[in-house]
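Welcome! Here is a short briefing to read alongside the sequence and the 3D view.

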Amino acid sequence: MTYIYNAWYPAGWVHELEKGPIARKFLDIPVMIYRLSTGVLAALHDRCPHRFAPFSYGTIVEDKVRCIYHGLEFDSAGRCVGNALCFAAPKVAKVRSFPVFEQDNVVWIWMGEEEPADTSTIPRYAYHNDPKYRCVYGNNYTKADYRLLCDNLMDLTHIVLLHPVFDALHRKQSFKSWEEGDDVLASYSAVEPHEEYHTINTIRWAAPGNHDLEMHIIPDFGKGPVIQEWSANLLTPETKYTSHYLWSVAVSVDSPETDEQIYDRMIQVVDREDSWMIEGVQDRMGEADLFDLDPVLIATDAAGVRMRRKLAAMVEKDAARRAARAASREAAPVSA
Amino acid sequence: MTYIYNAWYPAGWVHELEKGPIARKFLDIPVMIYRLSTGVLAALHDRCPHRFAPFSYGTIVEDKVRCIYHGLEFDSAGRCVGNALCFAAPKVAKVRSFPVFEQDNVVWIWMGEEEPADTSTIPRYAYHNDPKYRCVYGNNYTKADYRLLCDNLMDLTHIVLLHPVFDALHRKQSFKSWEEGDDVLASYSAVEPHEEYHTINTIRWAAPGNHDLEMHIIPDFGKGPVIQEWSANLLTPETKYTSHYLWSVAVSVDSPETDEQIYDRMIQVVDREDSWMIEGVQDRMGEADLFDLDPVLIATDAAGVRMRRKLAAMVEKDAARRAARAASREAAPVSA
Amino acid sequence: MTYIYNAWYPAGWVHELEKGPIARKFLDIPVMIYRLSTGVLAALHDRCPHRFAPFSYGTIVEDKVRCIYHGLEFDSAGRCVGNALCFAAPKVAKVRSFPVFEQDNVVWIWMGEEEPADTSTIPRYAYHNDPKYRCVYGNNYTKADYRLLCDNLMDLTHIVLLHPVFDALHRKQSFKSWEEGDDVLASYSAVEPHEEYHTINTIRWAAPGNHDLEMHIIPDFGKGPVIQEWSANLLTPETKYTSHYLWSVAVSVDSPETDEQIYDRMIQVVDREDSWMIEGVQDRMGEADLFDLDPVLIATDAAGVRMRRKLAAMVEKDAARRAARAASREAAPVSA
């Protein structure tokens with residue numbers, strides 16, 4: 001198993017909900033996320049318990065999810081509360097609902113059933129709401145294990161050759177990595193030979209697949225003003241070998257780059273370069289796990305290896321928790 | 001196993017044969033159906049026993065199926081009777097032939113080897129040949145278990161929301177279901193609140209996947225003339241998760257609706273609504289069987305559940321018959 | 001297993017390398033073949049041992065393969081000899097290199113690890129370099145087991161019906177087959193009823209999937225000059241059910257047929273007829289092996305059956321060799 005179930009996952013951008021519900025699979029489970037008239041978000045298993053129709057094919061009527069197949073209606077807790085036809089609503093019908101939370105323009109969903117969904121543990125991307133920044137958002141879909149995308153993000157030396165737009169080949173690189181609680185951080189520094197231009201990129205991984213990238217650009221031998229930019233890179237496995245990838249870039253409101261220029265650059269970097277590469281890596285790895293293939297590790301893998309170790313420990317802990325819960329359910333008398 | 005082998009299956013419309021042989025898979029078996037110069041239909045396993053080329057890639061010459069790969073020729077009983085090249089025909093070469101029968105504009109094929117193919121058991125769709133009716137025909141292909149399409153047809157309350165063209169949401173619905181021999185029937189009645197308009201749809205399921213829909217439309221508080229229309233909905237599994245779906249609509253020759261209007265409406269209803277929904281259901285069910293997923297059953301499932309029970313019993317009986325036959329073959333001395 | 005690993009395989013045409021490296025999978029293994037500045041060919045496993053990126057996504061810099069993901073550089077022996085970034089190259093990183101050889105305009109690759117790659121065993125197609133001939137080359141890709149393509153080539157009576165361009169239906173056919181060392185040969189003769197036109201096609205199979213076709217066309221009751229043409233038909237499995245197919249046609253420099261006419265004819269014959277047929281056969285066979293389906297064999301199968309027997313024996317011998325080598329590796333002390 002490669003998933004942590006008891007975790008908050010980035011499900012989409014808040015502004016995506018303006019066009020209607022978000023219907024996506026996370027961890028192999030189809031989910032529909034929608035906004036109630038009260039403004040509160042709700043999320044249900046996107047599968048009617050009657051005949052297994054996707055709710056997302058249907059409509060939402062007075063805050064009730066109406067299945068368009070035979071008319072059963074459910075509230076946001078997953079209780080069957082109506083039937084659009086003139087027949088009785090089966091009270092026993094129950095749909096799994098998911099804790100869902102919006103923060104920093106991200107919709108978060110909790111995919112576990114064994115641990116409480118504590119919103120205080122959700123990583124922050126406050127710059128999405130900071131008036132000092134102008135933000136550009138995008139959605140990528142990559143046919144690869146989400147962990148390969150994490151690997152990609154944790155070793156930022158990959159930008160030197162894979163992303164020529166950053167023009168980094170002739171800069172002197174250095175890096176370090178460390179841990180802060182459950183997070184893994186890495187800082188990558190690049191200096192032009194004559195020191196006139198300096199970048200420091202610091203990436204913070206928060207499990208399972210959230211990456212916060214802080215970029216400092218120090219021009220003119222450090223005499224000019226430092227430019228600070230941010231980029232959120234938020235991954236959720238759709239299936240074992242496909243991933244949802246939300247990305248944002250936050251630049252100063254005064255940045256000369258237009259939103260369109262930033263978007264076009266990111267489509268090049270994320271879709272045409274990162275995603276292309278990671279799908280190629282997945283093809284070359286087949287269904288093997290990374291460490292089963294004995295990768296030759298080098299110094300710049302330090303952050304990625306830290307991340308992989310933490311992630312593997314969390315996956316193991318989560319699986320144990322799930323197994324214990326399943327065993328206790330099995331053992332419980334039916335009337336209990 | 002989800003198939004009944006010893007059964008007649010709808011293979012296509014008779015008029016499809018005007019364009020040449022029908023080459024389709026039924027129950028995972030590729031078959032070629034063609035018309036002999038005598039007017040009689042024939043059906044062979046669409047696979048040459050020499051090098052396994054599809055016969056349907058080749059030609060029919062003087063009522064013999066000629067394999068275009070190396071020239072072997074077979075008669076409609078599957079005997080090798082010639083070689084288009086100047087070499088000997090291997091008398092030992094034998095192709096499975098299938099009983100095939102045309103009736104009511106439907107080509108029927110018998111896929112079993114253990115029971116006699118009794119044409120008197122084929123359900124009738126006599127309106128296809130009744131001069132009182134004008135008929136429109138179509139072919140749908142749905143990527144789902146054929147039983148999910150049967151479920152769809154047996155619960156006609158699905159038309160209320162899934163097929164807005166029928167404008168049925170505000171009508172009062174009632175229904176009943178019953179059995180007649182091996183068939184399952186259900187009648188769905190819909191009345192406008194002020195009774196000015198009334199429809200009664202009666203569907204008859206005949207195993208494995210044949211559905212005959214009789215529609216009565218009673219306008220003007222029952223004062224105007226009753227309109228009677230019919231629709232055949234004939235399903236054959238191609239594979240476990242793909243299905244051939246033949247549909248027809250028979251309207252009075254005096255109906256104001258043109259053939260084109262009927263066809264366009266059915267493409268909307270069958271292809272864009274039913275097929276779309278059932279493929280969505282299949283996606284949500286994955287490879288699980290319906291009852292393994294514990295569906296919440298409601299009153300309007302009555303007909304579908306009757307149908308499923310009968311079908312499951314028939315599948316089981318057919319499998320037992322096939323196993324017994326296979327065992328007796330195994331036990332028989334070779335010279336017997 | 002259906003592959004012989006310890007064998008030379010045709011990987012591509014030499015002129016394909018003018019456009020850059022050839023990146024293809026052979027026997028499920030991704031390989032990149034490229035030309036060094038010395039003119040020598042090299043081939044590496046197309047997968048970086050660091051993070052499993054495809055080398056073919058990257059570049060070749062001063063004869064070193066540079067991985068575009070994180071910059072590791074490898075020489076043609078597969079040794080890590082550099083890092084495009086300013087970090088150390090891991091000396092332990094090692095990529096499998098493959099013996100590769102160019103001859104007669106074909107790039108050959110040796111896919112085994114247990115036997116020496118003896119280039120003297122590579123079959124010759126000398127007409128590709130013979131000034132008496134004008135050659136036309138093509139690449140086909142067929143979604144089928146390469147052995148089904150071998151079967152197709154070894155029974156040339158298939159041209160009578162499958163390739164109408166050869167207009168051979170009314171000619172009297174005869175054939176014979178024999179063996180020369182490990183090769184299997186077959187000669188197919190076709191005579192017009194009144195003897196005014198005579199063709200003799202002789203095909204030589206050399207394991208695993210190399211076919212050399214020599215065509216003699218004897219016009220005018222043998223009074224006119226004999227026309228001799230050649231065609232190489234070189235197969236390499238990409239995977240168990242997909243194949244690379246290199247074909248050439250060599251005609252006299254004086255032939256009235258233009259290169260374009262020959263190319264168009266071969267696209268019809270190979271892509272639209274042979275490949276179409278063999279993919280149909282593969283569909284009808286599913287994942288079954290030819291002889292498990294009990295094909296009805298006829299006289300003209302003689303050459304194909306000889307070929308299949310030799311091939312099966314070679315596959316078995318190769319598998320035994322590989323197993324013995326693997327066992328001896330397992331048994332060897334680590335320090336040995």
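Contact here means heavy atoms within 4.5 Å. By that rule, 31 residues of chain A are in contact with 26 residues of chain C. This is a predicted model, in which local features need pLDDT of at least 70, side-chain atom pairs count only at pLDDT 80 or more, and totals for chains, interfaces and linings use all residues. Residues are numbered from 1 along each chain as its sequence is written, chains are lettered from A in the order in which they are written, and side-chain values use heavy atoms, leaving out hydrogens and water.

- A:Leu161, A:Arg284 and A:Val296 supply 31% of the area that chain A buries against chain C, more than any other three residues.

**Charged pairs**

- The interface of chain A and chain C holds four salt bridges, each a side-chain nitrogen of Lys or Arg within 4 Å of a carboxyl oxygen of Asp or Glu.
- C:Arg51 forms a salt bridge with A:Asp301, with the closest N and O atoms 3.0 Å apart.

**A sheet in chain A**

- Strands (E, at least two residues) are DSSP runs, numbered from the N terminus, and two of them pair if DSSP finds at least two bridges between them.
- In chain A, three strands form an open antiparallel sheet in the order β2-β3-β4.
- β2(A) and β3(A) (residues 29–35) pair over five bridges, and A:Lys25 stands opposite A:Pro30 in β3(A).

Note on methods
Buried area is the accessible area (1.4 Å probe) that two parts lose on being put together, summed over both. Helices (H or I, at least four residues) and strands (E, at least two) are DSSP runs, numbered from the N terminus.
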